[in-house]
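Thanks for coming, everyone. Let me put a new structure on the screen and walk you through it.

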Amino acid sequence: MRFGFAMKDPGGTQCVVPVAKELMARGVEALLCAIGGGAKILKFEEKLPFTENFDEVLAQKPDIVICSIDTGDKDKLNSGMTLEATQKAPAAGIPVAWIQDLWGNHIKPYWDGSVKPDYFFTIDAAGMRKIGETWGYDSNQRPKKIFPFGQPKFDLIAKAEAEPHWKAFTESLNNRGTLVITVAGQILGMLECIQHFLSALNEVGKSVFVDFMHHGRCPAEMVEDFRKEYPNLKVGLATELEKVDRNQRLLLGNILFTMFSTDAANAAVAGKHVIS
């Protein structure tokens with residue numbers, strides 16, 4: 001069997017990729033297509049082969065195409081990877097399914113809804129109800145079109161075990177009273193807030209170690225920029241954690257600092273304190 005996958009935003013990609021990897025582990029052929037933050041995740045973190053041209057997926061004639069519910073583009077109606085896939089695949093006789101992420105039905109205001117997927121997979125019963133209301137399925141139609149199946153990313157977080165070397169490293173920091181703070185998401189929009197937070201910790205004499213986690217940028221580069229911007233902050237900064245799996249890195253920190261990121265929910269599932 002052959003599955004096609006299409007994704008765009010980081011949050012949706014983190015829901016779709018675990019499904020693709022599970023199917024691949026069972027011998028299913030997977031054809032991945034991604035743009036934007038989704039492409040960066042596949043290239044830099046998952047290191048999976050993919051294309052940015054959905055027509056290449058169609059050329060392989062998959063049995064079904066599974067998409068993330070990305071946000072599309074509010075300035076260009078009916079644009080975005082999910083919308084392109086949902087328009088093109090049915091025209092080729094290929095069914096389409098959408099996987100809901102925590103941004104849920106955010107795509108709805110950005111297009112006219114003339115094209116719908118054949119199936120939705122939602123996080124839970126509340127997601128099933130919300131998708132049904134948003135897309136106009138009544139209570140009798142929903143069981144045939146919308147299927148709650150959980151949050152795939154949460155399964156990975158629940159199963160993840162910290163890599164032994166870095167687990168020992170962060171435990172040694174904690175034993176010395178050092179807080180390990182993970183920073184993820186749209187980092188440029190929250191640097192000033194991070195600076196104030198870290199300055200307050202400096203004032204009370206708290207030792208801090210910061211791990212920058214960002215799609216598509218090397219942590220060493222971000223560390224260099226941060227040092228230049230805030231030279232007076234007394235913090236340790238990660239320079240090698242790009243070698244560690246993202247799920248493991250969420251387990252290494254004490255606190256996650258983020259802004260409108262799916263990582264906030266992932267960290268909460270991992271039992272971490274979250275500042276958003």
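First, the ground rules. This is a predicted model: local features need pLDDT of at least 70, side-chain atom pairs count only at pLDDT 80 or more, and totals for chains, interfaces and linings use all residues. Residues are numbered from 1 along each chain as its sequence is written, and side-chain values use heavy atoms, with hydrogens and water left out.

Confidence, then. pLDDT is the predictor's confidence in each residue, on a scale from 0 to 100. The chain averages 79, and 80% of the residues score at least 70. Over residues 74–78 the pLDDT is below 50. That stretch still has 10 contacts in the model beyond near neighbours in sequence. A contact means heavy atoms within 4.5 Å. When I say helix or strand, I mean DSSP runs numbered from the N terminus: helices are H or I with at least four residues, strands are E with at least two.

Now the inside. A nonpolar core is a set of buried Ala, Val, Leu, Ile, Met, Phe, Trp, Tyr and Cys residues joined through side-chain atoms within 4.5 Å. Buried means under 20% relative accessible area, exposed means over 50%, and partly exposed is in between, with a 1.4 Å probe and protein chains only. The largest core has 22 residues. Which of them touch the most other members? Phe54, Val65, Cys67, Trp98 and Phe120 do. Several elements each supply at least two residues, including strand 2, helix 3 and helix 5 (125–135). Helix 4 gives the largest share, four residues. Apart from this core lies another, of 19 residues, among them Met7, Val19, Leu23 and Leu48.

Stay with helix 4. Its buried residues are Met81, Thr82, Leu83, Ala85, Thr86 and Ala89. What covers them includes strand 1, strand 2, helix 3, strand 3 and strand 4. After helix 4 comes Gly93, with a positive phi near 80°.

On to charges. How many salt bridges does the structure hold? Four. The cut-off is a side-chain nitrogen of Lys or Arg within 4 Å of a carboxyl oxygen of Asp or Glu.

Take Arg2 and Glu29. Their closest N and O atoms are 3.1 Å apart. Arg2 sits in strand 1 (residues 2–7) and Glu29 in strand 2 (residues 29–34), so this pair links distant parts of the chain, 27 residues apart. Arg2 is partly exposed at 26%, and Glu29 is partly exposed at 36%.

Next, Arg26 and Glu22 meet at 2.9 Å, N to O. Arg26 is exposed at 65%, while Glu22 is partly exposed at 41%.

Then Asp55 and Lys88 meet at 3.1 Å, N to O. Asp55 lies in helix 3 (residues 54–59) and Lys88 in helix 4 (residues 81–91), so the pair ties together parts 33 residues apart in sequence.

Last stop: Lys61. Most residues other than glycine have a negative phi. Lys61 is not a glycine, yet its phi is positive, about 55°. Where is Lys61? In the loop between helix 3 and strand 3. Lys61 is exposed, at 66% relative accessible area.
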